[in-house]
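Dear colleague,

I am handing over the structure below, and after it I set out what was found in it. Please read the notes with the structure open beside them.

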Amino acid sequence: MSGTKVLRSLLHELRQASPNSCIKDNLAARYILAQYKKFETTDQQLCKARNEAIFLGQTYLTYLSSQRNYTELYKEFHGRGERSVRDTADLVGFKLPTDPK
């Protein structure tokens, strides 16, 4: 992934994690932008710190997306007390056999 893609993905994840979807005043977004500007390079330069910054950005991106996925799964599958057999079967994707009478 290029640095720009990682930056855009990071800002997208921060926007999703923000309650009001506005990251303009978000301290994390400011810090990330400052770090990307700090390690900005041109085509003529080879910067080892730039590659390290991209790796760190990808690590943050993985963490943020994993946190979002965990929260979604937790909300969906967190125990809400006793469930019926039908609800449990629907939860795991099974169909109950029909009993013809």
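Buried here means under 20% relative accessible area and exposed over 50%, with partly exposed in between, using a 1.4 Å probe and protein chains only. This is a predicted model, in which local features need pLDDT of at least 70 and side-chain atom pairs count only at pLDDT 80 or more, while totals for chains, interfaces and linings use all residues. Residues are numbered from 1 along each chain as its sequence is written, and side-chain values use heavy atoms, leaving out hydrogens and water.

Helices are DSSP runs of H or I with at least four residues, numbered from the N terminus. In helix 1, the residues Gly3, Val6, Leu7, Leu10, Leu11, Glu13 and Leu14 are buried. They lie on the same side of helix 1, because they cover an arc of only 160° around the axis, the arc being that of the directions from the helix axis to the C-beta atoms. Thr4, Lys5 and Arg8, on the other side of helix 1, are exposed.

In the loop between helix 1 and helix 2 (27-38) lies Ser18, which counts as buried because its relative accessibility is 12%. The side chains of Ser18 and Asn20 are joined by a polar contact of 3.0 Å (a pair of N or O atoms within 3.5 Å; within protein, one must be able to donate a hydrogen and the other to accept it, and residues adjacent in sequence count only if both atoms are side-chain atoms).

Finally, Phe94 lies in the segment after helix 4, and Phe94 counts as exposed because its relative accessibility is 58%.

Notes
Helix = DSSP H or I, 4+ residues; strand = E, 2+ residues; numbered from the N terminus.
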